[in-house]
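Reader: I have a few questions about this one before I set anything up. Can you go through it with me?

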Amino acid sequence: MSLVRGMIHHPNYRTRPNRAKARVRSGPNIGTGPSAASHDIWVIVPAYNEGERLARTLRSLCIGYANVVVVDDGSHDDTSEVALRHPVWVLRHVINRGQGAALQTGLSFALERGATVLVTFDADGQHSPEEIERLVEPVRRGAVDVALGSRFLGQAVGLPWSRWLVLKLGVLFTRLFSQIRVTDTHNGFRAFSRHAAESLCIRQNRMAHASEILDQIKEHGLHYGEVPVTIRYSAETTAKGQSSWNALRVVAQLVLGRMVG
Amino acid sequence: MNLFQLLTLSVVTAVLAAECLALCRRSAGRKLRLLRIAVWSAAAAAIVDPGIPQAVAIRIGIGRGADLVLYMVVLAFLGGSLCFCSCFVRLERQLTEVVRHVAMQSARRGRQEDEG
């Protein structure tokens with residue numbers, strides 16, 4: 001048995017921060033790719049104008065996972081057509097509503113179909129399908145309700161310094177405003193138990209959903225933990241990804257969303 | 001009473017009358033309508049006697065009636081902006097629900113490339 005360098009946060013530990021860090025003992029499938037039981041995992045892939053990179057992502061995902069849901073968030077390119085060439089569920093937003101909205105659509109669809117473990121996975125190839133098993137292991141075991149991928153516990157290959165700075169500021173912002181201690185607040189690689197996915201209701205349509213998810217984890221008293229993952233940045237993902245200045249917009253959306261309730 | 005007072009007062013009076021009529025006819029949104037009636041009444045009073053804002057300003061320590069009106073306008077603008085933002089966010093959420101419903105109803109299953 002190996003040890004995962006993740007932190008498990010339990011609601012009971014809130015008043016005892018010195019006990020907040022614990023190690024998760026991993027099962028035999030850790031890091032070994034998809035297992036025979038991967039049919040209970042539903043992988044949700046929100047995609048917007050990802051026609052070029054989606055095929056590669058889906059090819060690698062479909063090797064091990066039968067239940068993949070691609071949510072085309074009103075793309076102008078051939079994202080839906082590309083997805084339909086693979087054995088995946090394809091849902092299409094008729095207009096662009098944002099990544100948060102696409103994630104909630106995928107989660108709702110998977111729950112409706114009886115999913116027990118739900119994984120959110122980026123369409124642009126930044127995440128590794130081989131790490132899904134390791135991510136879902138604490139959820140399957142019942143140790144946590146939500147497993148959050150962390151590139152800062154794992155690896156961030158080719159992470160630009162400006163993005164590193166923004167992500168670190170995001171961590172600080174989350175600690176101050178949401179009172180949640182995590183090392184990576186805006187990582188799209190997460191795993192939810194059915195109970196957690198049913199408890200969550202993502203109302204932030206756009207990028208502020210990541211902070212909203214953390215807020216709701218705390219609000220519902222869900223058990224969560226962080227699992228080291230690898231995020232690979234390339235020139236094209238960095239170019240298409242969120243501008244660092246968008247962080248200000250995320251904060252504004254979050255504040256406005258909280259005011260509206 | 002000068003020409004400006006006559007014109008603005010007639011407009012405000014007409015609006016006030018319409019609000020009062022609507023208040024009598026409909027029961028929905030009573031509180032908001034009463035608030036609007038109070039605002040229009042205050043505006044009418046300030047037009048008829050410009051000394052009223054001045055007196056109120058002196059009483060609450062602002063000093064000048066014009067400053068009082070300016071502060072009230074700024075506060076009303078901020079409140080109105082927040083109100084519109086809230087409405088916009090709610091509409092956005094409703095729109096997302098509709099888009100989600102359509103997407104889930106029209107979900108399609110893809111096929112392997114070799115299945116054609």
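Reader: Start with a strand detail. In S10(A), what is the bridge partner of A:Gln155?
Author: A:Gln155 has A:Thr230 as its bridge partner in S10(A). Bear in mind that this is a predicted model.

Reader: Fine. How many bridges join S8(A) to S10(A), and do they run parallel or antiparallel?
Author: There are eight bridges between S8(A), residues 146–157, and S10(A), residues 224–232. The two strands run parallel.

Reader: And in which sense do S8(A) and S9(A) pair?
Author: Antiparallel, over three bridges, with S9(A) covering residues 190–193. One pairing to look at is A:Leu148, whose bridge partner in S9(A) is A:Arg190.

Reader: Zooming out, how many helices and strands does chain A come to?
Author: Chain A has nine helices and 10 strands. It runs to 261 residues, and 49% of them count as buried.

Reader: What share of the chain A contacts with a separation of 6 or more comes from residues 24 or more positions apart?
Author: That share is 75%.

Reader: Which strand of chain B is joined to S6(A)?
Author: S1(B), residues 108–109, is joined to S6(A) by two bridges, and the strands run antiparallel. There, A:Trp89 sits opposite B:Arg109.

Reader: Now the helices. At roughly what angle do the axes of H3(A) and H4(B) cross?
Author: Roughly 45°, with the axes coming within 10 Å; H4(B) spans residues 65–105.

Reader: Why call that pair oblique?
Author: An angle under 35 degrees would count as roughly parallel, and roughly perpendicular takes 65 to 115. The crossing is at roughly 45°, so H3(A) and H4(B) are oblique to each other.

Reader: Is the crossing left-handed or right-handed?
Author: H3(A) and H4(B) cross in the right-handed sense.

Reader: Which residues of H3(A) and H4(B) meet there?
Author: From H3(A), A:Ala101, A:Gln104, A:Thr105, A:Ser108 and A:Phe109 meet B:Thr96, B:Arg100, B:Ala103 and B:Met104 of H4(B). By class, the residues of this contact are four nonpolar, four polar and one charged.

Note on methods
Residues numbered from 1 in each chain as written. Chains lettered and ligands numbered in written order. Predicted model: local features only at pLDDT ≥ 70, side-chain atom pairs only at ≥ 80, totals over all residues. Pairing = 2+ DSSP bridges. Helix = DSSP H or I, 4+ residues; strand = E, 2+ residues; numbered from the N terminus. Axes fitted to C-alpha atoms, helices over the stretch in contact; angles between N-to-C directions. Parallel < 35°, antiparallel > 145°, perpendicular 65-115°, else oblique. Left-handed = near helix turned anticlockwise from the far one by under 90°. Contact = placed C-beta atoms within 7 Å. Nonpolar A, V, L, I, M, F, W, Y, C, P; charged D, E, K, R; others polar. Buried ≥ 20, exposed ≤ 12 C-beta atoms within 10 Å, placed from the backbone.
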